[in-house]
Amino acid sequence: MNGVSQEIQILIADERAMFREALRNLLARQPGLRVVGEAANGKEALRQVSKLQPDILLLHVCRSGSLGMETLRGLADGTLPVRTIIFADSADKSYIIEALKLGARGVVEKQTSTQLLMKSIRAVAAGEYWVAHGNIHDLIECLRSSARPERDGKNDNEYHLTARAIEIVGAIGDGYTNKEIAQKCGISEQTVKHHLTGIFEKVGVTNRLELALFAMHNPLEARS
């Protein structure tokens with residue numbers, strides 16, 4: 001988050017002026033949030049991100065326009081420190097997956113409530129990922145069907161994970177909760193949490209969504 005102000009600074013990018021105005025008015029009534037700019041196309045969004053350096057980019061992504069993916073591709077190198085939340089239609093799951101792969105940090109459906117939108121902004125600003133709970137299983141299923149792991153001859157377990165840790169990674173990739181993993185593995189939920197802390201550190205992720213994405217593209221086998 002911006003180090004000078006405790007406010008979360010937000011840039012809105014959507015092709016429709018009416019939607020931008022409505023969203024700006026909505027956010028203006030929320031404590032701790034401030035809209036610093038707007039953009040109507042991808043090039044303008046990138047210019048505004050570079051100029052204004054907002055904490056959050058609220059970005060409309062849809063198949064009928066180029067703004068969303070054009071902007072995400074422009075931000076993909078990570079040189080502009082902004083965290084992007086995309087607005088997307090619930091049916092566009094493959095598009096949402098592409099957006100996540102390009103670096104989006106949050107997914108919000110157009111019909112989401114004001115309360116959940118505010119929670120998503122604060123969560124992403126704090127460094128978390130945000131995907132509506134109802135979408136997670138479907139997204140993971142889409143990732144599983146589309147993933148094409150690249151095998152280059154490296155050891156299948158270059159991350160030095162134990163057999164139990166690999167089992168837990170696989171369960172996260174399958175969409176299991178901590179409670180379900182505990183039951184599946186015959187261990188306590190606290191032990192699952194302990195394993196996850198170690199797994200996050202070893203594979204370089206910070207949350208379950210990142211680990212699920214990792215699991216889709218890195219099939220692991222325990223060392224013999």
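Leaving aside neighbours within four places in sequence, which residues is Leu72 in contact with? I looked that up first, taking contact as heavy atoms within 4.5 Å. My list reads Leu59, Thr84, Ile86, Ala99, Leu102 and Ala104.

**Ground rules.** I'm working on a predicted model, where local features need pLDDT of at least 70, side-chain atom pairs count only at pLDDT 80 or more, and totals for chains, interfaces and linings use all residues. Residues are numbered from 1 along each chain as its sequence is written, and side-chain values use heavy atoms, with hydrogens and water left out.

Buried is under 20% relative accessible area, exposed over 50%, partly exposed in between, with a 1.4 Å probe and protein chains only. Helices (H or I, at least four residues) and strands (E, at least two) are DSSP runs, numbered from the N terminus.

**Helix 1.** Next I checked residues 17-28. The expected span is 1.5 Å times one less than the number of residues; for these 12 residues that gives 16 Å, and the end C-alpha atoms are 16 Å apart, which agrees. I noted Arg20, Leu23, Leu26 and Leu27 as its buried residues. The buried residues pack against strands 1, 2, 3 and 4 and helix 5.

**Helix 5.** This one also has 12 residues. I get 17 Å from first C-alpha to last, close to the 16 Å expected. Just after helix 5, Gly127 takes a positive phi of about 100°.

**Salt bridges.** I count six (side-chain nitrogen of Lys or Arg within 4 Å of a carboxyl oxygen of Asp or Glu). One of them is Glu7 with Arg34, closest N and O atoms 3.0 Å apart. Glu7 lies in the segment before strand 1 and Arg34 in strand 2, so the pair ties together parts 27 residues apart in sequence. Glu38 and Arg24 meet at 2.6 Å, N to O, linking strand 2 to helix 1. Arg20 joins Arg24 and Glu38 in a network of salt bridges.
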